[in-house]
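Subject: Structure for you to look at

Hello,

Here is the structure I said I would pass on. My notes follow below it.

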Amino acid sequence: MQGGISVAEAPHGALIHHYTIDDNGLIRSANLVIATGHNNLAMNRGVLQVAQHFIKDTQITDGMLNRIEAVIRAFDPCLSCSTHALGEMPLHVQVRNIDGAIVDERSRS
């Protein structure tokens, strides 16, 4: 078996690919770390900031859904490239109280 690792810089972060191939040239394993994984913390913090600013009386608004979509598109290059039309990215958002019970929920597909 042979293997190879590649790291390439992309507009939204590094792409890391690690492959193992057998003697016939068939891929036996692949490990891909894409920018979404690297940017996960920043994306989560952005969504938290949107929630803190937009949630009033536990209600989810259309404006909040649009802002969440904008945050995700800013940090996730896969979604940014694959879905170009604003407002058409599927979302499912829940607001939970301190006990974990759902107090508001909105979906957009």
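Helices and strands here are DSSP runs, of at least four and at least two residues respectively, numbered from the N terminus. Please keep in mind that this is a predicted model. On that basis the protein has four helices and five strands, and their order from the N terminus is β-β-β-α-α-α-α-β-β.

Some overall figures. Of the 109 residues in the protein, 25% are buried. The accessible surface is about 7400 Å², with 56% of it belonging to carbon and sulfur atoms. Taking contacts between residues at least 6 apart in sequence, 28% join residues at least 24 apart.

The N-terminal strands

Strand β1 (residues 2-10) pairs with strand β2 (residues 13-21) through nine bridges, in the antiparallel sense. Within that pairing, G4 stands opposite Y19 in β2. Strand β2 is also joined to β3, again antiparallel, by six bridges; one of the facing pairs is I21 with I27 in β3. The hairpin of β2 and β3 has five residues between the strands, and G25 in that hairpin takes a positive phi near 85 degrees.

A salt bridge also belongs to this region: the side chains of D22 and R28 meet at 2.7 Å, N to O. Are its two ends buried or exposed? D22 counts as buried because its relative accessible area is 12%, under the 20% cut-off. R28 is exposed, at 51% relative accessibility.

L32 lies in strand β3 (residues 27-33) and, with a relative accessibility of 48%, counts as partly exposed.

Strand β4 (residues 91-96) and strand β5 (residues 102-108) run antiparallel and are joined by six bridges. V93 stands opposite R106 in β5. This hairpin has five residues between its strands, and G100 takes a positive phi near 90 degrees there.

Helix α3 (residues 62-75) has 14 residues and reaches 21 Å from its first C-alpha to its last, close to the 20 Å expected at 1.5 Å a residue. Its buried residues are M64, L65, I68, E69, V71, I72 and R73. Two of the residues in that list, E69 and R73, carry charged side chains that form a salt bridge, with the closest N and O atoms 2.8 Å apart. Because they are four residues apart in helix α3, about one helical turn separates them. In general, an α-helix has 3.6 residues a turn, so residues three or four places apart point the same way.

Which other residue forms a salt bridge with E69? That residue is R108, with a closest N to O distance of 2.5 Å. This pair links distant parts of the chain, since R108 is in strand β5 and E69 in helix α3, 39 residues apart. R108 counts as buried at 17% relative accessibility, and E69 counts as buried at 0%.

Regards

Methods. Residues numbered from 1 in each chain as written. Predicted model: local features only at pLDDT ≥ 70, side-chain atom pairs only at ≥ 80, totals over all residues. Heavy atoms only, no water. Buried < 20%, exposed > 50% of the residue type's maximum accessible area, 1.4 Å probe, protein only. Contact = heavy atoms within 4.5 Å. Areas by Shrake-Rupley, 256 points an atom, 1.4 Å probe, with all protein chains shown as cover. Expected span 1.5 Å × (residues − 1). Pairing = 2+ DSSP bridges. Salt bridge = Lys/Arg side-chain N within 4 Å of Asp/Glu carboxyl O.
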